[in-house]
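Student: I have a new structure to read. Can you take me through it, feature by feature?

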Amino acid sequence: MKKRDFLRAAGLFGLAGIANPFRLSAANDEPVEATTFRSGDFELPKLGYATDALEPHFDKQTMEIHHGKHHAAYVRNLNDAIKNTPYATMEIEEILAKVTDKFPAIRNNGGGHYNHTMFWQLLAAKGGGQPSGKLADAINAKFGSFDKFKELFGKEGTSRFGSGWAWLVVDKKKGLFLTSTANQDNPLMTKIVKKQVGTPILGLDVWEHAYYLKYQNRRADYIAAFWNVVNWEEVSRRYEQAMV
Ligand code: MN
């Protein structure tokens, strides 16, 4: 690993005392030494709660398959795709910032790994309610009210044709905006999304695999249920980190 990458990884994860959730080595609850990262060693992070913890909003079977099968496949396929390429030594954020449409396997699986790792952290068994503090102020200032924000975010999700994600994003000027992206793209993919660039702080998976077992074709019902399991503390943490 280049010194620059090590310093960045150490800054993001080491000094903050937070284990890098994208690459987990020995113990999942221990900070990971950046120097131990090797090519192709992205791993499936553990959920911070039981697969039935989000019932009845997100059902156990969906969580098991979504995390244990879908996310696991993105990790496996990402490791295969970056092998023997310059992407093999990069952290996930750098992969997303540099990937182009010439590398669809890295784009799709890198996005899949990042998006899902973030998504699991954005959910909580005792979630829901409303944001507070600076994030609440910013949402009210930008969208008028929390209810209006929910309506507009929901529209991003319901109007995304096919598979993708709805996002609340902090842009370069530290303002909030809403968008959606196709497939596993996200606002960190600066060479792919162009107009939707920024730091995502809240994301909702609107692929059918995220809701079909419980909600079938009723994506709007799934989105309504999502508001009951949002981990607003985590969204706030990401917002304040993006504002630095
Ligand atoms: Mn998914």
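Student: At what angle do the axes of helix α5 and helix α6 cross?

Tutor: Start with the general idea. Two packed helices are described by the angle between their axes and the distance between the axes. This model is predicted, by the way. Here, helix α5 covers residues 133–143 and helix α6 covers residues 146–159. Their axes cross at roughly 75° and come within 8 Å. Angles of 65 to 115 degrees count as roughly perpendicular, so α5 is roughly perpendicular to α6.

Student: Which residues make the contact between α5 and α6?

Tutor: From α5 come I139, N140 and F143. From α6 come F146, K148, F149 and L152.

Student: How many helices and strands are there in the protein chain?

Tutor: The chain has nine helices and three strands. Along the sequence, the pattern reads α-α-α-α-α-α-β-β-β-α-α-α. The chain has 244 residues, and 51% of them count as buried. Now take contacts between residues at least 6 apart in sequence: 65% of these join residues at least 24 apart.

Student: Next, the metal. Which residues are the protein donors of the manganese ion?

Tutor: H66, H116 and H209 each give NE2, and D205 gives OD. These donors lie 1.9 to 2.1 Å from the ion. Along the chain, their spacing is H-x49-H-x88-D-x3-H. H66 lies in helix α2, residues 60–82, and H209 lies in the loop between β3 and α7, so the pair ties together parts that are 143 residues apart in sequence.

Student: Are H66 and H209 buried or exposed?

Tutor: Both H66 and H209 are buried. Helix α2 also holds H71. H71 is buried too, with a relative accessible area of 0%. Beyond its sequence neighbours up to four places away, H71 touches L44, P45, H66, G112, H113, H116, T117 and W120. Two of those names, H66 and H116, are donors of the manganese ion.

Student: On to the rings. How many aromatic pairs does a search of the whole structure find?

Tutor: The general idea is this: a pair of aromatic rings is described by the distance of the centres and the angle of the planes. The search finds 20 aromatic pairs. Take Y211 and Y222. Their ring centres are 5.0 Å apart and their planes are at 25°, so the pair is stacked. The pair links distant parts of the chain, eleven residues apart. Y211 is in the loop between β3 and α7, while Y222 is in helix α8, residues 219–226. Both are buried.

Student: How are the rings of Y215 and Y222 arranged?

Tutor: Their centres are 6.2 Å apart and their planes are at 55°, so this pair is tilted. Y215 counts as buried at 10% relative accessibility. For Y222, the relative accessible area is 0%. The charged end of K214 sits over the ring of Y215, 5.7 Å from its centre.

Student: One last residue. Where is the place of V206?

Tutor: V206 is in the loop between β3 and α7. V206 is buried, with a relative accessible area of 0%. Setting aside neighbours within four places in sequence, V206 is in contact with G157, R160, G162, G164, W165, Y211, R219, Y222 and I223. Look at R160. V206 and R160 are 46 residues apart along the chain, and their C-alpha atoms are separated by 8.0 Å.

Conventions
Residues are numbered from 1 along each chain as its sequence is written. This is a predicted model: local features need pLDDT of at least 70, side-chain atom pairs count only at pLDDT 80 or more; totals for chains, interfaces and linings use all residues. Side-chain values use heavy atoms; hydrogens and water are left out. Donors are N, O and S atoms within 2.8 Å of the metal (3.2 Å for Na, K and Ca); water is not among the atoms, so sites may look incomplete. Helices (H or I, at least four residues) and strands (E, at least two) are DSSP runs, numbered from the N terminus. Buried means under 20% relative accessible area, exposed over 50%, partly exposed in between (1.4 Å probe, protein chains only). Rings of Phe, Tyr and Trp (its six-membered ring) pair if their centres lie within 6.5 Å; planes under 30 degrees apart count as stacked, over 60 as edge-to-face and the rest as tilted. A charge sits over a ring if NZ of Lys or CZ of Arg is within 6 Å of the ring centre and within 35 degrees of the ring normal. Contact means heavy atoms within 4.5 Å. Axes are lines fitted to C-alpha atoms, for helices over the stretch in contact, and angles run from 0 to 180 degrees between N-to-C directions. Angles under 35 degrees count as roughly parallel, over 145 as roughly antiparallel, 65 to 115 as roughly perpendicular and the rest as oblique.
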